[in-house]
Amino acid sequence: MMLWSQRENTILSGKNTFSSRDGYVIFNPYYSIYDTNDWLWILGENKLSSEYVFGEKEVIIQRFDGANFFTLKIPNTFNKKIKEGHFFRHKEFGLYLKLYYTSERAELFYINTETLAINLVEEYASLNEKYIISKEYYVNDKTRLLLTSQDKFYSAELEELNLKFIDSISFETPIVKPFLEEPRTTDKFSIVKLLFENEGFFLDENGRITKKISQKDFINKEGISFFPKKIHNVFKNKDVFYYYLDDYKNAFKFEEEDKKFIEIPNTNSNSELIKLLDFNKDYNEAYLEYIAGNYEVFKFYSFNNFEPELINEVKIKNFSKKSFKDFGKDLVVLSGNTLESYFFKESKIKTFLKEKSVRTIKQLTDSKYIVATDNEGVYIVDIKNNTEKKIQFLLDNKEITINFSRDIYLEKDNTIIINDSNNLYTLDANYNVIKDRSTRINGEEIIKLNDTIFTANQNGGIFKYSITGRTYTKIENSEVVKVKEFATNGEKIFATTTEGIFEYENGTFKTYKFENENDLLSITFEEGYGVLVSTNFGTIFKYDTVNKKLNLFYEDELKGSIVGMIADNNKNLWLNTYTGVVSINYASKKVVRFTQKDGVYELEGNRYSSYKDSKGNVLMGSYKGLSFFNPEVLVESNLEAQPEFTSISFFDAEENRWKINTSPKFLKNTKEIVLPSEYQRFSATMSVFGKINPKDVRYRYRLLDNKNKSEWFTKFSGNEILFANLKAGEYILQIEALNGARKKIGKTLELRVISKKVFYKAWWFLGLLSILLASIVLYLFYQYKERQNLYAKNEIALNEAKIKTAMMLEIHHRIKNNLQIISGLLGLQIIRSNNEELKAKLQDSQNRIESIAGIHNVLYSFNNQDVVFLKENIENIIIHYKTLFPLNVKYRLNIDNSTLNMDKATPLSLLLNELINNSNKHAFANVDCPEITIKFMKKDEKYLFEYFDNGNFIEKERSTKSMGMKIIGMMKTQLKGDMNIENANGFKLTLHF
């Protein structure tokens with residue numbers, strides 16, 4: 001029975017997820033594409049601009065290096081609303097950006113991916129409205145455009161900002177909606193047809209229209225001509241191009257001489273699949289994308305002739321946008337505010353006998369191995385042809401099963417010795433049992449030393465079988481020895497047992513006890529290491545055969561059981577464990593673990609199944625398969641990957657700003673940066689470009705100068721470094737990328753950094769500073785002498801000022817008290833008088849005195865008694881009047897932050913006091929919603945004061961002969977201002993001073 005096994009193909013090695021927390025700020029992606037520098041370009045709506053605003057979404061571009069995101073603004077679209085957009089490539093260092101608008105026609109922009117400059121393609125923007133549809137395609141290194149109008153088909157070429165028409169041809173009849181199918185392109189010609197019409201054209205490699213396609217160009221196997229409604233795909237096999245048309249199952253071969261498409265019989269086995277595939281440019285790989293329920297499925301295929309082989313499959317929830325870095329291998333999926341990056345890599349580990357528990361292995365030929373499983377038989381595994389074949393064992397022409405074998409021995413006479421739990425078989429070259437050379441045995445564990453095979457029963461007892469003498473005897477006094485595993489150095493036999501370490505030589509044995517001997521598990525002998533013993537808890541000891549001691553050699557950080565140990569040709573030790581395959585470098589003692597992301601199918605290894613073949617390849621068995629790999633290939637670094645700077649940030653002295661430089665042209669050409677003395681800091685980000693997952697890369701760095709030969713800094717998993725407060729000098733920044741095996745990836749990055757000396761550390765500045773300091777000392781001494789002379793005078797002046805300040809405060813306090821006394825006396829007079837007219841006059845006087853007292857209190861309550869903050873002063877006056885009058889007057893204030901000297905603030909406050917008093921007493925008798933508007937602001941060198949109430953103007957009360965108006969006139973005179981009074985629809989006073 002022949003079974004297909006794993007080819008050395010791509011495997012899914014990991015997925016990285018990025019969101020706004022990682023710098024990915026696009027919420028609704030439109031399109032994404034990789035440029036030739038391996039940067040991913042993403043077009044979409046800015047999450048930060050659309051998170052809380054509906055209908056006003058900013059469209060941006062983000063560039064992604066595999067670990068960091070950098071944002072670019074799109075050009076000004078002059079308020080045209082963008083509804084969609086996409087990229088397409090141009091030559092080596094260019095992209096085109098096509099933006100579609102809600103009401104205007106689309107525009108085309110050219111992006112130089114080296115400089116990051118984005119410019120409008122003016123010739124495309126100025127196209128006549130008759131051009132309805134445009135579709136881009138590529139031929140060799142050319143970017144072409146196909147355009148249609150209702151009457152014609154056009155061929156054009158794009159060259160950066162230039163658009164050149166190449167050819168055109170008229171339709172048979174005008175077409176209202178001349179939509180185009182996808183062009184099907186080869187390196188020699190292209191074919192394109194309209195989506196809904198029987199119109200199509202051939203174009204040569206230069207974009208010239210060579211002919212219209214017609215019904216005569218397509219001939220099925222019955223010899224009948226037809227015009228295809230749908231051209232599904234083009235596929236290349238052995239330098240011949242095949243096409244899939246309409247519902248035909250067979251492929252159509254394009255005959256170069258006749259320029260016809262001929263149906264090829266018996267090519268229908270995979271036609272339905274091939275019709276749906278997207279191929280890479282070499283037509284040896286393709287992918288299929290389809291919706292399955294709530295998932296979007298990506299299937300990747302390789303091709304041999306017309307036979308597709310599925311090599312990978314990825315399921316993604318919900319429909320998303322996608323991009324490929326390496327076609328069909330690396331995949332980026334964009335959904336909402338999430339970017340998922342799937343990384344595929346070539347597996348360096350082959351897996352055979354999947355889901356079978358593998359026990360022991362021996363090499364038959366260069367590429368064939370005999371492999372025994374626990375209870376599913378014995379197989380021949382062909383590594384070269386990737387096949388597995390189960391062996392049929394015959395005894396007396398009857399098939400028997402051989403299970404639970406612990407070792408296999410290939411003899412010089414081409415016979416094979418193998419065991420099961422109860423028998424030791426000798427087989428001929430055809431796997432027939434040789435009866436007279438087979439025997440019953442007691443025990444499963446076996447080992448061969450010279451011509452003797454030793455077996456052990458796990459319940460106790462060790463036996464030996466002489467191959468030449470064909471005798472099977474028990475070793476005396478071995479009943480208590482319960483063997484776990486045997487090993488030999490060619491002279492002695494060693495074993496791990498429940499009693500400790502067992503040693504046997506020349507017919508005698510002895511067991512050496514150790515602490516926790518029940519934890520001892522696997523044992524092996526390797527040149528350069530000696531006898532190694534592992535435990536259930538991830539520890540390896542070197543067994544000192546002279547002093548009978550166990551010396552610690554290795555402790556596994558995951559504490560997984562170690563079930564096998566084998567040294568490769570470079571003396572590196574390989575461990576088969578319960579937590580994957582582990583490599584220990586012989587010289588450096590560095591440890592690397594290989595798990596499922598590296599192609600290990602099953603992490604839990606099996607005992608007795610670690611093997612090195614004649615070429616140095618290693619085979620390791622597990623409970624679910626056999627792993628095969630070349631140790632040198634498995635740990636070697638990927639030479640295709642190279643670390644690069646993706647940003648360098650520092651203060652640009654010429655532009656006088658902190659600048660983040662991300663253009664590839666700058667990063668490739670910049671070998672040196674200069675830091676000005678006032679901004680002695682810089683930062684840099686880097687990423688590894690190539691067939692490697694950036695998340696698996698670690699970086700180390702150091703900053704060297706002439707005096708400092710520093711070691712590498714501690715490795716770190718991030719990809720940004722920052723230096724601040726860098727002292728003056730010249731440095732070399734070195735950065736290295738390391739893979740999972742701690743090996744260097746690509747070349748070392750280097751950047752020369754010049755940190756300029758701070759000016760005050762220069763010799764000329766220090767000399768100038770010394771002269772200045774000496775001059776200051778002399779001047780200070782002179783000033784000291786002068787101050788001594790003036791000290792007495794200053795003391796007298798200060799004392800006088802303090803006395804005057806205290807006296808002024810006392811005077812202000814007494815004035816306020818005296819005003820309160822006068823107000824009280826007037827109040828008593830009002831109570832005793834029966835003359836209503838007199839009482840009214842007294843009341844007016846009392847109110848004015850109270851107001852003056854309040855104003856006086858406000859004016860002299862500020863710490864600085866020279867100026868008054870007018871806004872606060874007016875607000876306090878209003879509060880006073882709100883308590884004085886019961887009317888619910890609404891005050892509207894428009895007052896700036898002006899201050900006035902006391903000689904201006906006092907008359908202005910009295911003026912306002914009189915105006916508010918008059919309004920409350922005389923203006924609002926019949927007004928439902930009384931309002932007072934006060935405006936004060938400074939204009940140029942003058943102040944503007946406006947007062948307005950919406951009361952009923954009464955001529956008698958507001959005549960210029962009244963006391964209030966006289967007071968107002970007096971205050972105007974004190975302010976030396978120009979006053980204007982208007983009486984229409986209320987009272988309005990305007991004062992400029």
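The charged end of K80 sits over the ring of Y101, 5.6 Å from its centre. This contact requires NZ of Lys or CZ of Arg within 6 Å of the ring centre and within 35 degrees of the ring normal. K589 places its charged end over the ring of Y586, 5.9 Å from the centre. The model is predicted: local features need pLDDT of at least 70, side-chain atom pairs count only at pLDDT 80 or more, and totals for chains, interfaces and linings use all residues. Residues are numbered from 1 along each chain as its sequence is written, and side-chain values use heavy atoms, without hydrogens and water.

The structure holds 51 aromatic pairs (rings of Phe, Tyr and Trp, the last by its six-membered ring, with centres within 6.5 Å; planes under 30 degrees apart are stacked, over 60 edge-to-face, the rest tilted). Y242 and F306 pair edge-to-face, at 5.0 Å centre to centre and 75° between the planes. They lie 64 residues apart. Both Y242 and F306 are buried (under 20% relative accessible area; exposed is over 50%, partly exposed in between; 1.4 Å probe, protein chains only). F936 and Y943 are stacked, at 5.5 Å and 25°.

Helix 8 spans residues 870-884 (helices are DSSP runs of H or I, at least four residues, numbered from the N terminus). Its buried residues are L870, N873, I874, I877, I878 and Y881. These fall within an arc of 135°, so they line one face of helix 8 (the arc is that of the directions from the helix axis to the C-beta atoms). The face turned away from the buried side of helix 8 carries exposed I879, K882 and T883.

Definitions and conventions. Helices (H or I, at least four residues) and strands (E, at least two) are DSSP runs, numbered from the N terminus. The expected span of a helix is 1.5 Å times one less than its number of residues.
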